[in-house]
Amino acid sequence: HWYIRIQDNGEGFSGEMLGQLENEMGKLKQELQENNRNVEMKIGGMGILNTYARLYLLSEKEMNFQISNRKEGGAEILFGSVLEEKRE
């Protein structure tokens, strides 16, 4: 597996923003499944959603994508997937 963890020491995500992002990622996942990889992205939070969509397209069943607030303060995003084994 590989993972990338991004953290900051700012205010973190509001509860409303976390809920909105989770909702948008759920909608995006459904669109990706139904429209077979053809989704129109909108401006606003596009970086997180774009990263989510690209990771989903690369490894939908094996992906890990978590957005949270750190107990020390600040935000954290953790995402990753499995590494493919080389076949000879």
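## Strands and their partners

Two strands are said to pair if DSSP finds at least two bridges between them. Strand 2 and strand 3 of this predicted model are joined by six bridges and run antiparallel. Within that pairing, Asn69 stands opposite Ala75 of strand 3. The two strands form a hairpin with five residues between them, and Gly73 in the turn has a positive phi of about 110°.

Strand 3 also has strand 1 as a partner, again in the antiparallel sense and over six bridges. Here Ile6 stands opposite Ile77 in strand 3. Put together, the three strands make an open antiparallel sheet in the order 1-3-2. Its edges are strand 1 (2-7) and strand 2, each of which pairs on one side only. From one strand to the next, the twist averages 10°.

## The chain as a whole

Let's step back to the overall layout. The protein chain has two helices and three strands, and from the N terminus on, these elements run β-α-α-β-β. Of the 88 residues in the chain, 27% are buried. Among contacts with a separation of 6 or more, 60% are between residues 24 or more positions apart.

## A look at helix 1

Helix 1 is 20 residues in length and spans 29 Å from its first C-alpha to its last, close to the 28 Å expected at 1.5 Å a residue. Which residues of helix 1 are buried? They are Leu18, Leu21, Met25, Leu28 and Leu32. These residues lie on the same side of helix 1, because they cover an arc of only 90° around the axis. On the face turned away from that buried side, you will find the exposed residues Gly15, Glu16 and Glu34.

In soluble globular proteins, nonpolar side chains tend to be buried together. The largest nonpolar core here has 17 residues, and Phe13, Phe65 and Ile67 touch the most other members. Helix 1 (15-34), helix 2 (46-59), strand 2 (64-69) and strand 3 (75-81) each supply at least two residues of this core.

Leaving aside residues up to four places away in sequence, Phe65 touches Met25, Ile48, Thr51, Tyr52, Leu55, Ile77, Leu78 and Phe79. One of these, Met25, is also among the buried residues of helix 1, while Ile77 is the residue of strand 3 that Ile6 stands opposite.

Key: Residues numbered from 1 in each chain as written. Predicted model: local features only at pLDDT ≥ 70, side-chain atom pairs only at ≥ 80, totals over all residues. Heavy atoms only, no water. Core = buried A, V, L, I, M, F, W, Y, C linked by side-chain atoms within 4.5 Å. Buried < 20%, exposed > 50% of the residue type's maximum accessible area, 1.4 Å probe, protein only. Helix = DSSP H or I, 4+ residues; strand = E, 2+ residues; numbered from the N terminus. Contact = heavy atoms within 4.5 Å. Expected span 1.5 Å × (residues − 1). Arc of directions from axis to C-beta. Axes fitted to C-alpha atoms, helices over the stretch in contact; angles between N-to-C directions.
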